[in-house]
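Okay, thanks for making time, everyone. I'd like to walk you through a model I've been looking at, so let me put it on the screen.

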Amino acid sequence: MTAALLQVHALGKRYRLPRRSLFRAPPALTALADVSFSLPSGRNLGVVGESGSGKSTLARLVMALEPPSAGRVCFQGQDLQTLGAAALKQARAGFQMVFQDPYGSLDPRRSIGQTVSEPLLLLGVRSRAERRERAEEALAAVGLRSTDLGKVPHEFSGGQRQRIAIARALITRPRLIVADEPVSALDVSVQAQVLNLMQDLQDRWGMSYLLISHDLAVVDLVCDDVIVLQHGRVVEAGRAEQVLRRPAHAYTRRLLAAAPGAESAGFSN
Amino acid sequence: MLPVSLLQVDQLQVTLSTPRGTAVALRGVSFDLARGQTLGLIGESGCGKSLTALALMGLLPDRAQVAGSIRFDGTELTALDEPAWCRLRGARIGMVFQEPMTALNPLHPIGRQIGESLRLHKGLSDAAASVEALRLLDRVQLPQARQRLAAYPHQLSGGQRQRVVIAIALACGPDLLIADEPTTALDASVQREVLDLLATLVADTGMAMLLISHDLALVADRVQQLMVMYAGQVVESAASAQVFSQPAHPYTRGLFAARPRIGLARGTRLATIHGRVPELDAMPPGCAFAPRCMLAEQACRAAPPPVLHWQPAHHARCIKPGVTA
């Protein structure tokens with residue numbers, strides 16, 4: 001049996017809302033409640049659900065960008081909450097993130113070289129030559145040229161920008177990439193290119209993806225396992241082909257029915 | 001009797017000025033839209049679909065040059081001055097935009113925003129406009145409409161905001177509704193509700209609708225006619241079911257093939273359209289799609305292909321329509 005790369009146990013997150021009255025406790029919003037799953041190395045997990053279902057909150061907790069209100073996130077057996085700041089910084093090399101909007105996630109004033117190699121700087125790689133070499137390697141892996149290092153984001157199309165964002169995630173040679181709606185801002189033909197690229201990279205380096213998407217067809221293509229979130233809770237979990245082709249929960253069926261082209265694919269329950 | 005044409009666009013050409021000189025962004029777009037008819041306009045970013053919508057609403061950038069003709073109910077629109085456009089927009093042509101947050105004014109309650117065009121175009125009093133706004137909110141199925149008249153946009157969800165935008169577009173009972181990516185910013189299940197609502201409203205009111213989207217599958221079963229645009233031109237047009245069952249243009253087929261579908265085995269390679277859309281100032285001399293087309297031959301690269309009447313009422317800008325390999 002392979003050890004779990006990522007283990008999430010009874011994870012919960014509550015946000016305090018603004019006080020409505022001076023004399024009452026401020027109301028709280030439960031964004032995530034009692035979420036547990038385990039992602040073995042080399043497999044991909046899809047997280048689906050509508051907006052507000054807690055998908056992105058889950059991503060932020062897994063990335064240790066926010067502390068959970070309950071439960072824990074273990075990456076390669078280490079509870080991220082127990083790590084000190086310095087240790088967490090080093091551990092971050094193992095898990096990286098790709099965001100939805102390739103226009104908003106790249107700093108428009110920085111060169112591609114600076115953007116892509118920044119994670120190395122944070123990890124304390126002092127040698128400029130090494131940073132440059134690894135940035136070239138990461139860009140080559142996503143199909144861009146080393147001459148692109150000196151350019152700035154506006155010189156690239158949306159699909160190319162998302163490749164740059166993926167290169168930035170790859171540069172630390174992570175074992176896990178958390179991808180929050182990585183293709184939903186892209187045109188259909190470009191989407192296909194980026195999805196193929198993500199699979200090529202996995203074939204080559206064997207990392208895992210935690211893929212957050214509202215597009216069930218994308219999840220079905222990329223992921224081995226799926227969890228379905230509704231109001232912050234897991235309502236269905238299992239193998240992708242089981243959950244997406246023979247859904248057990250009414251909410252999953254509703255999501256499937258709402259997927260464009262569902263009728264033509266023969267889903268009409 | 002043939003349906004009376006409401007909108008006739010003939011050889012519409014739009015030239016934009018860019019820092020690198022002028023660029024022809026729409027290169028001879030022609031189509032007809034009859035009253036009560038629904039037309040889908042499909043294409044990827046930069047193909048000119050939104051520019052087409054802006055031209056139809058007189059909202060092109062100041063320095064854009066327009067050639068060709070847009071006739072709306074007998075009036076030539078390309079020659080209109082701004083005051084005449086203002087009498088048309090929001091009154092006889094309604095618009096729904098992509099992003100319901102930016103389309104609404106965050107500082108005004110929604111009831112007031114819905115009433116604005118009624119006060120402006122129909123001269124309604126504040127009280128009458130408010131009554132009418134409530135009726136419109138009911139019509140777009142916004143729950144608790146009466147309490148929501150005084151709500152501000154930030155108090156509504158994305159789907160609810162888009163319903164408000166649709167209510168504004170419907171306020172004056174337009175003959176034509178232009179919806180530019182109306183559901184792109186919304187959740188999948190909300191997308192479906194909003195598109196169903198639009199379809200119902202079109203059927204009830206008999207207005208014509210131009211529905212613009214980058215997503216073929218999303219609009220296909222909600223419009224009668226479909227046009228596919230590429231690099232500023234319409235490359236295929238036919239009844240929507242026809243485009244689905246027998247796509248004629250290699251680009252249309254590429255779009256179908258590139259979309260993942262539920263049921264594909266894990267790790268299946270998606271068919272891609274290799275390369276990218278040509279820059280406006282560097283259009284190839286022949287077919288604009290030829291550099292990316294697997295079927296392109298010498299003739300495709302030599303001269304722009306004519307519009308072929310492949311089948312009755314099924315046109316394609318391709319010399320080999322329907323050829324698959």
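Before I count anything: helices here are DSSP runs of H or I with at least four residues, strands are DSSP runs of E with at least two, and both are numbered from the N terminus. On that basis chain A has nine helices and ten strands, and chain B has twelve helices and twelve strands.

A word on conventions. This is a predicted model, where local features need pLDDT of at least 70 and side-chain atom pairs count only at pLDDT 80 or more, while totals for chains, interfaces and linings use all residues. Residues are numbered from 1 along each chain as its sequence is written, with chains lettered from A and ligands numbered from 1 in the order in which they are written.

Overall dimensions, then. For the radius of gyration we take C-alpha atoms, and the globule rule is 2.2 Å times the number of residues to the power 0.38. Chain A has 269 residues, so a compact globule would come out near 18 Å, and the 19 Å of chain A agrees with that. Its C-alpha trace spans about 55 × 55 × 45 Å along the principal axes. For chain B, with 325 residues, the rule says near 20 Å, and the chain has 21 Å, which agrees too. The C-alpha trace of chain B spans about 65 × 50 × 50 Å along its principal axes.

Now burial. We call a residue buried if 20 or more other C-beta atoms lie within 10 Å of its own, exposed if 12 or fewer do, and partly exposed in between, with C-beta atoms placed from the backbone. Buried residues are 45% of the 269 in chain A, and in chain B 45% of the 325 count as buried.

Contacts next: two residues are in contact if their C-beta atoms, again placed from the backbone, lie within 7 Å. Take the contacts in chain A between residues at least 6 apart in sequence: 65% of them join residues at least 24 apart. For chain B that figure is 64%.

Let's zoom in on chain A, starting with a sheet. Strands pair if DSSP finds at least two bridges between them. There's an open sheet of four strands here, in the order E2-E1-E4-E5 of chain A, with antiparallel pairing. E2 (28-40) and E5 (78-79) of chain A are the edge strands with a single partner each, so one side of each has no neighbour in the sheet. Further in, E1 (residues 4-16) and E4 (residues 70-75) of chain A run antiparallel and are joined by five bridges. One bridge to look for is Gly12(A), whose partner in E4(A) is Ala70(A).

What lies across that sheet? Helix H1 of chain A, residues 55-62, lies across E1, E2 and E4 of chain A, at about 120° to E1(A). For angles like that, axes are lines fitted to C-alpha atoms, for helices over the stretch in contact, and the angle runs from 0 to 180 degrees between N-to-C directions.

Moving along chain A, E9 (residues 225-230) and E10 (residues 233-239) pair antiparallel over six bridges. They form a hairpin with two residues between them, and His231(A) in the turn has a positive phi of about 45°. Leu229(A) has Val234(A) as its bridge partner in E10(A).

And who touches that hairpin? Tyr251(A), in helix H9 (residues 250-258) of chain A, is in contact with Val228(A), Gln230(A) and Val235(A), leaving aside its neighbours within four places in sequence. Its C-alpha is 7.8 Å from that of Gln230(A), 21 residues apart along the chain. Tyr251(A) counts as partly exposed because it has 19 C-beta neighbours inside 10 Å.

Over to chain B for a helix pair. The axes of H4 (residues 110-122) and H5 (residues 126-139) of chain B come within 8 Å and cross at roughly 115°. Gly111(B), Ile114(B), Gly115(B), Leu118(B) and Arg119(B) of H4(B) make the contact with Ala129(B), Ser130(B), Glu132(B), Ala133(B) and Leu136(B) of H5(B).

Last, the interface: how many residues of chain B are in contact with chain A? It's 28, and they meet 31 residues of chain A. On the chain B side, the elements giving two or more residues are helices H8 (188-205), H9 (216-220) and H11 (250-258) of chain B.
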